[in-house]
Amino acid sequence: MQSRLAPSDARLNPRDRQLLAHARYAQASIPENYRRHIVDYSRREQPGTILVDTNARYLYYVLPGGKAIRYGVTVGEEALAWYGVATVGRTAEWPDWIPTAEIQARLGPYPKRIPGGPDNPLGARALYLYQGNKDTLYRIHGTNQPEYIGQAISSGCIRMTNEDVIDLVDRVKPGATVVVLPPGRSA
């Protein structure tokens, strides 16, 4: 059983409204199955856990009572995908993006820092994934390319629509567990 969660501007702050109103990217038509839904959830993760099913291109935020919010996501290309267990080390609103040396070599050239805003690849929010006290350099973040939701084309991070990542960050607590399933394994 699933029910679609209607888009809501309630979680958008004034800065979100201003920046999203002036986004230069095209508003994408996200397929229905990749829109935000409340779904039945039978796995054993505790409420407040994030699970990413890289095969199906879904992120689940586990709720009490055998339910979860399911969001459509873009995941990393096969050779670039990260998987494992991490925690949310921190979150950021309209974060700056600092391209890694690997990104610069593979996709650059980029400036050393791209300020937060609708043109920034990290979008409206970012959840920074840590293992222990170490930043994995992988993120769950918004995107300025919503047309790719449901695909495997990123450099390893998990991308969500800006509206969905705002919704997720408003729900997640620092230290929350994040489980990213390896390719070939589905929820």
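1. N162 and its surroundings. Leaving aside neighbours within four places in sequence, N162 is in contact (heavy atoms within 4.5 Å) with L20, Y25, G123, A124, G142 and T143. The residue lies in helix α3, where helices (H or I, at least four residues) and strands (E, at least two) are DSSP runs numbered from the N terminus. N162 has a relative accessible area of 2% and is buried; buried means under 20% relative accessible area, exposed over 50%, and partly exposed in between, with a 1.4 Å probe and protein chains only. Its side chain reaches the backbone oxygen of T143 at 3.1 Å. That pair is a polar contact, meaning N or O atoms within 3.5 Å; within protein, one must be able to donate a hydrogen and the other to accept it, and residues adjacent in sequence count only if both atoms are side-chain atoms.

2. Basis of the values. This is a predicted model, in which local features need pLDDT of at least 70 and side-chain atom pairs count only at pLDDT 80 or more, while totals for chains, interfaces and linings use all residues. Residues are numbered from 1 along each chain as its sequence is written, and side-chain values use heavy atoms, with hydrogens and water left out.

3. Helix α3. The buried residues of α3 are N162, D164, V165, I166, D167, L168 and V169. Because 7 of its 10 residues are buried, α3 is largely enclosed by the rest of the structure.

4. Helix α1. In α1, residues 14-21, the buried positions are D16, L19 and L20. These cover an arc of only 95° around the axis, so they sit on the same side of α1; the arc is that of the directions from the helix axis to the C-beta atoms. P14, Q18 and A21, on the other side of α1, are exposed. The cover over the buried residues of α1 includes β8 (125-131) and α3 (162-171). At the start of α1, a side-chain oxygen of N13 comes to within 3.0 Å of the backbone nitrogen of R15.

5. H22 is in the loop between α1 and β2 and is exposed, at a relative accessible area of 57%. Its C-alpha atom is separated by 9.8 Å from that of D119, 97 residues apart along the chain.

6. Nonpolar cores. A nonpolar core is a set of buried Ala, Val, Leu, Ile, Met, Phe, Trp, Tyr and Cys residues joined through side-chain atoms within 4.5 Å. The largest has 31 residues, and I50, L59, L127, I140, M160, L168 and V172 touch the most other members. Elements that give it two or more residues are α1, β3 (50-53), β4 (58-63), β5 (67-72), β7 (84-93), β8, α3 and β12 (177-180). The largest share, 4 residues, comes from α3. A second, separate core has 12 residues, among them Y60, V62, V179 and L181.

7. I140. With neighbours within four places in sequence left aside, I140 is in contact with I50, L59, R125, A126, L127, L129, I158, M160, V165, L168 and V178.

8. Positive phi. Two residues other than glycine deserve a check of the backbone. R57, in the loop between β3 and β4, has phi near 65°. W94, in the loop between β7 and α2 (101-107), has phi near 45°. W94 counts as buried, at 3% relative accessibility.

9. G48. This glycine is in the loop between β2 (37-40) and β3. Not counting residues up to four places away in sequence, G48 touches Y61, V62 and A176. The C-alpha atoms of G48 and D96, 48 residues apart along the chain, are separated by 26 Å.

10. The chain as a whole. It has 3 helices and 12 strands. Its radius of gyration is 16 Å, close to the 16 Å that the globule rule gives for 187 residues, so the chain is as compact as a globular protein of that length; the radius is taken over C-alpha atoms, and the rule is 2.2 Å times the number of residues to the power 0.38. The C-alpha trace spans about 45 × 35 × 30 Å along its principal axes. Buried residues make up 48% of the 187. Of the contacts with a separation of 6 or more, 66% come from residues 24 or more positions apart. The accessible surface is about 9500 Å², and 51% of it belongs to carbon and sulfur atoms; areas come from the Shrake-Rupley method with a 1.4 Å probe, and for residues only the protein chains shown count as cover.
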